[in-house]
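Let's take a friendly walk through a protein model. Have the sequence and the 3D view ready as you read.

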Amino acid sequence: MECQECKQNPATLHFAQVTNGEKREIHVCHQCAKEKGYVTTDDESYSLHNLLSGLFNFDPEKLHHSTHNKPAARQMECEKCGMTYQEFAQVGKFGCASCYQTFSEHLNPIFRRVHSGNTAHHGKVPKRVGKDISARRKVKELRWKLQQLIAEEEFEEAAKIRDQIKEMEKTLNQSGEGDV
């Protein structure tokens, strides 16, 4: 795609502007972007790598205190590839598959920040054909919650959850899906 301003260079920057619900896209080369004031200097460019590194570079002191007697993350090193946690934070990606296991105890705070508090991926279910799958997942979650309530001796709430599970299982069995 060529620059919309000079029509000579390839467009390297793409901007989208929404005004009163109307979207307008601009595709320009770096030189025209500087001339038009979209970008001021080369030093101010911000890459995806900078964004990801910023997400990973949370306060190591906070991390050290939250893990009690565990070694500070900055001193940890992958046994397989030798990558340190500090290098991981700067690069924004692991050196090998073992890095995930090596740094696992320090990753949940990152995942919570990046994924709005979630640390587990449950996947998506197609709406049209996934009603029974969603219902089975819900039953599984309710069973887990039921076990927690029983352990906490919250028997009244547990009875409500038990009844909810029975009703959902009955509906699933009627739809021909069998056991949950």
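## About the model

This is a predicted model, in which local features need pLDDT of at least 70 and side-chain atom pairs count only at pLDDT 80 or more, while totals for chains, interfaces and linings use all residues. Residues are numbered from 1 along each chain as its sequence is written, and side-chain values use heavy atoms, leaving out hydrogens and water.

## The whole chain

You will find eight helices and two strands in the chain. Here helices (H or I, at least four residues) and strands (E, at least two) are DSSP runs, numbered from the N terminus. Starting at the N terminus, the order is β-β-α-α-α-α-α-α-α-α.

Of the 180 residues, 22% are buried (under 20% relative accessible area, with a 1.4 Å probe and protein chains only).

## The hairpin

Strand 1 (residues 13-19) pairs with strand 2 (residues 22-28) in the antiparallel sense, over seven bridges; pairing takes at least two bridges found by DSSP. The two strands form a hairpin with two residues between them. In the turn, N20 has a positive phi of about 50°. T19 has E22 in strand 2 as its bridge partner.

## Two helices side by side

The axes (lines fitted to C-alpha atoms over the stretch in contact, with angles from 0 to 180 degrees between N-to-C directions) of helix 7 (residues 131-151) and helix 8 (residues 155-174) come within 9 Å and cross at roughly 160°. Helix 7 and helix 8 are therefore roughly antiparallel, a term for angles over 145 degrees.

Residues in contact (heavy atoms within 4.5 Å) include L142, L146 and L149 in helix 7, and I161, I165 and L172 in helix 8.

Definitions and conventions
Buried means under 20% relative accessible area, exposed over 50%, partly exposed in between (1.4 Å probe, protein chains only). Angles under 35 degrees count as roughly parallel, over 145 as roughly antiparallel, 65 to 115 as roughly perpendicular and the rest as oblique.
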